[in-house]
Every structure is written in C-alpha cells, then in structure tokens.
Amino acid sequence: MEKVNRYEFEGEVIEVPMYWDEHLQRYAEDYKGYCEQPDYTPEGRPILLTIEDACPQAEMVDDDPVSIDCGSCRHYHQFPGSLLGVCNHEKRRKKKRRSRRSGPNPGTKEETPCEND
C-alpha cells in the first residue's frame, strides 16, 4: 500500500504521495505527484506550492521586498507539515461559468502540463 499524506480544504481531499528518503532517513512528500492533484478547491481557490513565485496580488506578511514566494503572502494558507497550500485572494479565485446549453460542455475541460516533470 502506497503511503500518502491527506489534506482537506473546503471539502476537497488532496493526497500527496510519500517516498522513503535515504538521506533524511524518513518518509517525505513526493511533489512530482502534485500535478496529478486538482489545481483548484471546489470553491475555486488555487492549490499551490509554498515555493512558487508570488503573484501580483501578493501582500507579504513581513512587508519585506525580498519575500518573493507564496509562503510569505498573507493570503496563502499552508497545510501543516507540507509545501502545499491554498491562496485565498479573491482575484486568484476561479469563477464558475454557467453554460447556456443543457448537458455537459466538452470544450470546458482544462489540462495543464506539469512543470515538475
């Protein structure tokens, strides 16, 4: 059975695979599997790595101009013990679109390549 860490936010369960790190002599999160996780919570908030570059809406907790990643932003909420978290800034929130047609719209599916591969 594969080891995973599970995090829950807004009803979305995020599973991050674990691997045995020989150097640390403990299990660590495998962020290569991060791209297989949802990009947004059900409420449309982006799920990001703490070390990603801060966006134009960033408001740094310490007002330090050297702070350049999501982990330093007051809108970012990191999962304890993980490098993953959720951005709560309203401008980053993905809006849900209403379809004028009835039934599923196959043109709305988004696929984004994994930058970690």
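**View 1. Asp39 sits in the loop between strand 3 and strand 4 (47-49).** This is a predicted model: local features need pLDDT of at least 70, side-chain atom pairs count only at pLDDT 80 or more, and totals for chains, interfaces and linings use all residues. Residues are numbered from 1 along each chain as its sequence is written, and side-chain values use heavy atoms, with hydrogens and water left out. Strands are DSSP runs of E with at least two residues, while helices are runs of H or I with at least four; both are numbered from the N terminus. Is Asp39 buried or exposed, or something in between? Asp39 is partly exposed, at a relative accessible area of 39%. Buried means under 20% relative accessible area, exposed means over 50%, and partly exposed lies in between (1.4 Å probe, protein chains only). Asp39 and Val86 are 47 residues apart in sequence. In space, their C-alpha atoms are 9.9 Å apart.

View 2. Strand 5 and strand 6 (residues 84-87) run antiparallel and are joined by three bridges. Two strands pair if DSSP finds at least two bridges between them. Which residue of strand 6 is the bridge partner of Gln78? That partner is Gly85.

**View 3. Strand 1 and strand 2 make a hairpin.** Two residues lie between the strands, and Glu10 takes a positive phi near 55°. How many bridges join strand 1 (residues 4-9) to strand 2 (residues 12-21)? Six bridges join them, and the two strands run antiparallel. Val4 stands opposite Pro17 in strand 2. Arg6 faces Glu15, also in strand 2.

**View 4. Tyr7 and Phe79 form a stacked aromatic pair.** The structure holds two aromatic pairs. In this one, the rings are 5.0 Å centre to centre, with 15° between the planes. Rings of Phe, Tyr and Trp (its six-membered ring) pair if their centres lie within 6.5 Å; planes under 30 degrees apart count as stacked, over 60 as edge-to-face, and the rest as tilted. Tyr7 belongs to strand 1 and Phe79 to the loop between strand 5 and strand 6, so the pair ties together parts 72 residues apart in sequence. Both Tyr7 and Phe79 are buried.

**View 5. Trp20 and Tyr27 form an edge-to-face pair.** Their rings are 5.2 Å centre to centre, with 75° between the planes. Trp20 is partly exposed, at a relative accessible area of 37%. Tyr27 also counts as partly exposed, at 37% relative accessibility. Lys3 lies over the face of Tyr27, 4.8 Å from the ring centre. A charge sits over a ring if NZ of Lys or CZ of Arg is within 6 Å of the ring centre and within 35 degrees of the ring normal.
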